[in-house]
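Thanks for coming. I will go through one model today, starting with a term and then moving from the salt bridges to the sheet and the core. Please have a look at the slide.

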Amino acid sequence: MTPGFTTATRTEPAGPVLAFTGELDAATAPTALKAIQALTPHRGEQLVVDLSALAFCDSSGISALLAARNLALAADAVIALVGVPRQLQRSLKLIGLDAFFPAHATIEAARDGLS
């Protein structure tokens, strides 16, 4: 059985948090993109994408993460990934995108890295 894919957002004082759960692939990337497009980060904020409950991520999912990064940059905000699964860490490193996404173990660590 394939885990379902869900998104959840919340706003914190330092900026929005977007959490993905399940499998982020070609079938679910449009849902992820809708959630990303609904975000409104502001100048100086940090957009956190929490991947700690992500079971799988393919190239479509990585494209969605790039869309989140572009949204943050367009708003003059920054992005951080949290709880990046080991396989995704490896993929980002292999394709040279690890430098584009500061990664942290927890949201608190990401927020600490902002200051």
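Buried here means under 20% relative accessible area, exposed means over 50%, and partly exposed is in between, with a 1.4 Å probe and protein chains only. This is a predicted model: local features need pLDDT of at least 70, side-chain atom pairs count only at pLDDT 80 or more, and totals for chains, interfaces and linings use all residues. Residues are numbered from 1 along each chain as its sequence is written, and side-chain values use heavy atoms, with hydrogens and water left out.

Salt bridges, then. The term requires a side-chain nitrogen of Lys or Arg within 4 Å of a carboxyl oxygen of Asp or Glu. The count is 3. R10 and E12 form one of them, at 3.1 Å from N to O. R10 is partly exposed because its relative accessibility is 40%; E12, at 21%, is also partly exposed. E12 pairs with R111 as well, at 3.3 Å. That pair connects strand β1, residues 6-12, with helix α4, residues 107-114, across 99 residues. Helices (H or I, at least four residues) and strands (E, at least two) are DSSP runs, numbered from the N terminus. R111 is buried, at 14%. R10, E12 and R111 therefore make up a network of salt bridges.

Elsewhere, D76 and R43 form a salt bridge with their closest N and O atoms 3.3 Å apart. D76 sits in the loop between α2 and β4 and R43 in the loop between α1 and β3, so the bridge ties together parts 33 residues apart in sequence.

Next, the sheet. Strands pair if DSSP finds at least two bridges between them. Strand β2 (residues 15-24) and strand β3 (residues 46-57) run parallel and are joined by 7 bridges. β3 also runs parallel to strand β4 (residues 78-82), with 5 bridges. V49 in β3 stands opposite L18, and also opposite L81 in β4. From β3 the chain crosses through helix α2 (residues 59-74) to β4, and this crossover is right-handed: with the strands pointing away from the viewer, the path from the first strand over the helix to the second runs clockwise.

Which residues touch the most other members of the largest nonpolar core? They are F20, V49, L51, L54, L65, L81 and L88, out of 26. A nonpolar core is a set of buried Ala, Val, Leu, Ile, Met, Phe, Trp, Tyr and Cys residues joined through side-chain atoms within 4.5 Å. A second, separate core has 6 residues, among them V17, V48, A80 and A110.
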